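Colleague: Thanks for making time to go through this model with me. Could we walk through the backbone first and then the packing?

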Amino acid sequence: MKKPKVLYVSSRPSRHQDIALQAAPDELAVAMCGPGDHGEILRQLADADFLISDRALDIGADMLAAGKSLRLVQRIGRLVHDIDLAEARRRDIPVCYLPVQRCAKVAEHAMMQTLILQRNYRLLESLLRLSPGTDAVKCDANTFAYNWTGAESVHSLIGACVGIVGFGEIGAELALRLQPFGARVLYHKRSRLPAGTERSLGIEHGSLAEVLRQSDVVVILLPHSDHTAGMVDSRFIAQMKPGAMLVATGASTALNERDVAAAYRASAIAGVATDGWNYEPVEEGNPLLALAEDPRANVAFTPHVAAGSGTIDWDERRAEYANILRLIRGEPLLYQAMPAD
């Protein structure tokens, strides 16, 4: 019996494509394709039963028409604004999305580092250890010594502006997590998202200059590329709001580490956090890491672990095919996207 064909279109590096192929159920025949060859995609769609794509592919009416046997479109990630949902519904092709756990983990890490900087956690911990009370009294509802260390520069996300530079799946996950904190969220990416997507995520678009000028916290989620390498340098920081904080959980090459360290020492930025490093493992004498030698420095550094321990989560990768198996078995679909009426 012929296996159902899955066309998987991905822009991810070959090692990630190989993992996706290894995770595929035995009952499916999977063809992997890059996003660059539009003609090849249309050719492969001609006999495909299912289409899986990450954010590499705009899925318009031409592709849906080419997939004459398509029974399901599965997006890897939350964002479906570049899929023609109305045309898919007209053709009775369900479209589903799948939140990416790895992206959610990075967003959680960015939240953690942002809160550490905003609350000036290392300073507070240092003051606590160095300032034990000599005339302590037992606390009750009316008796306590609030902020007995006299700590200052303890901030909140309530009413703050968080700017996200480089907005993809991780940016979407971060924006969702920022919503309950009462922060205003600005974002910058080359292609602005549709208004409906911005409303659902609670975000506002701005130019890079606008985002840097207005944000109390700037979160860098840029990918690796020749364009982004070393992009966060002294000129970049000079555009930031005075006293703003910098969090980097995107490409480890985006920071000019020497410039960022110098900016912190000069109080041009009030805090800096990064998970990735220009050279890994991080080299002795790294100018950023040297900042952490001061226990009161407002820094939050981690050894490139934002996405987790680094082991392959096979359950997560197999979940990319879960809706296909559900449809074959006649079970309800998960995370089905619906067009706006």
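Colleague: In which loop is aspartate 92 found?

Modeller: This is a predicted model, where local features need pLDDT of at least 70 and side-chain atom pairs count only at pLDDT 80 or more, while totals for chains, interfaces and linings use all residues. Residues are numbered from 1 along each chain as its sequence is written, and side-chain values use heavy atoms, with hydrogens and water left out. Helices (H or I, at least four residues) and strands (E, at least two) are DSSP runs numbered from the N terminus. On that numbering, aspartate 92 sits in the loop between helix H4 (85–90) and strand S5 (95–98).

Colleague: Is aspartate 92 buried or exposed, and with what relative accessible area?

Modeller: Most residues other than glycine have a negative phi. Aspartate 92 has a positive phi, near 60 degrees. Buried means under 20% relative accessible area, exposed over 50%, and partly exposed in between (1.4 Å probe, protein chains only). Aspartate 92 is exposed, with a relative accessible area of 66%.

Colleague: And asparagine 120, is that buried or exposed?

Modeller: Asparagine 120 is not a glycine either, yet its phi is positive, about 55 degrees. Its place is the loop between H5 and helix H6 (121–130). With a relative accessible area of 7%, asparagine 120 is buried.

Colleague: What does helix H5 reach from its first C-alpha to its last?

Modeller: H5 covers residues 101–118, which is 18 residues. The expected span is 1.5 Å times one less than the number of residues.

Colleague: Which elements do the buried residues of H5 pack against?

Modeller: The buried residues of H5 include Cys103, Val106, His109 and Met111. Counting contact as heavy atoms within 4.5 Å, their partners are helix H7 (169–178), strand S9 (217–220), strand S10 (245–248), strand S11 (271–274) and strand S12 (299–301).

Colleague: Which peptide bond is cis, and what is its omega?

Modeller: Most peptide bonds are trans. Proline 281 lies in the loop between S11 and S12. The bond from glutamate 280 to proline 281 is cis, with omega near -5 degrees.
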